[in-house]
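Here are my notes from going through the model you sent.

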Amino acid sequence: MVGAKALVTGAAGFIGSFLAERLLREDYYVVGIDNMFRGKKRNIEHIMDNPRFEFHVHDIRRGIPREMMRDVDIVFHYAAINGTQHFYERPLEVLETNVEGTINVLKAAAEAGVEKIVFASSSEVYGDPLYFPTDEKHPILLPEVANPRHSYAASKAIGEYYTLWYSRNHGMKYLILRIFNTYGPRMDTSKYGQVIPEFIRKALVEKEFTIIGPGTQTRSFCYIDDNIEMTMRAVKMVDNEILNVGNPEEVKIIDLARLIHEILGKPFKYKLLPPRPGDPMRRVPSIEKIVSYTGYRPRISLREGLARTIEWYKKHVFGIK
Ligand SMILES: NC(=O)c1ccc[n+]([C@@H]2O[C@H](COP(=O)([O-])OP(=O)(O)OC[C@H]3O[C@@H](n4cnc5c(N)ncnc54)[C@H](O)[C@@H]3O)[C@@H](O)[C@H]2O)c1
């Protein structure tokens, strides 16, 4: 697919911007779309001058104009409302963006004769998993309609169904990636962000360091470079599959907080807050399926990835030397 044309939705977001950058490095022509809900100009500033990059501020809920999809060979559909706090505060908007937006992207791709669609799904579709490490055979678990948190998991699960059936019915290839917690530079540091940038912010500039939940809950964090490497290999090597993407290195949230303080050389004092309803206690991917296809296992340890991430936030967000 080198020299091909790719459309990346969510291109000004965290993963989307790294993906766009990587595609440009591999000689793709890249069309980026983002409505800047959480996307930032800062994330794509350095590629704006690239003659093989065009960027549109556009809301996927309004459909995808034909000219944006013209001659596109592959679509990376990464636009979504992401960030746990958003799921609790605006569940309907999450469903509209992540379901209706996805249908719009699929319709436009099918109409334009796109060859392949890559859909960014999420480990959230496994709900509170029944076993660990969790592989792709694990059932989709969406227990509570009335729990706003599950708006996101439901939207991603429905997105998977639509991606698979749209692709099959319209002769497109698909790849559904169930992404587990990914981190690195460029993530949102506000309370709407994810745990690592939020912890870095609290440790660097806030008086009190708080942890939501008991701290003994675990997550497995994958550094962005590993995510992109696994994704790009899978995109080139695999069609019509559902694959977990992540790093199985599991860590307790309290140990993650401790490690961030250790890297920053700060004393670790914390306060525990009540858990969010529906927050799973463990999350660990089995990545054996994607490894068997691509031969690639994540290489960047949590300590190394955190050190790189912290350096970036100090310099680019908090202006600390
Ligand atoms: N980061 C993770 O750990 C993780 C884990 C699982 C799944 N994912 C999925 O990967 C994708 C990228 O996630 P991310 O972490 O980069 O999040 P992000 O919020 O940084 O990126 C998503 C982008 O989509 C844009 N967007 C939102 N609504 C839109 C709309 N209506 N029209 C156009 N653009 C819109 C946002 O402005 C944002 O830039 C998402 O689909 C997310 O659900 C991410």
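Predicted model: local features only at pLDDT ≥ 70, side-chain atom pairs only at ≥ 80, totals over all residues.

1. Seven strands form an open sheet in the order β3-β2-β1-β4-β5-β6-β11, and the pairing is parallel. At the edges sit β3 (53-57) and β11 (241-245), each of which pairs on one side only. On average, neighbouring strands of this sheet are turned by 15° against each other, ignoring direction.

2. I74 has K116 in β5 as its bridge partner.

3. Next, α5. This helix lies across β1 (5-9), β4 and β5, and runs at about 180° to β4.

4. α5 (residues 91-112) also meets α6 (residues 150-170): their axes come within 9 Å and cross at roughly 10°. The crossing angle is under 35 degrees, so α5 counts as roughly parallel to α6. On the α5 side the contact includes V94, L95, V99 and L106, and on the α6 side Y152, I158, Y162 and Y166 are among the residues involved. By class, this contact has 11 nonpolar, seven polar and one charged residues.

5. Finally, the ligand. It is surrounded by 28 residues, with G10, G13, F14, G39 and A80 the closest. Elements giving two or more residues to this shell are α1 (14-25), β2 (29-34), α5 and β5 (116-122). Which element gives the largest share of the shell? That is α1, with three residues. The shell divides into 13 nonpolar, 11 polar and four charged residues.

Methods: Residues numbered from 1 in each chain as written. Axes fitted to C-alpha atoms, helices over the stretch in contact; angles between N-to-C directions. Helix = DSSP H or I, 4+ residues; strand = E, 2+ residues; numbered from the N terminus. Parallel < 35°, antiparallel > 145°, perpendicular 65-115°, else oblique. Contact = placed C-beta atoms within 7 Å. Nonpolar A, V, L, I, M, F, W, Y, C, P; charged D, E, K, R; others polar. Near = placed C-beta within 6 Å. Pairing = 2+ DSSP bridges.
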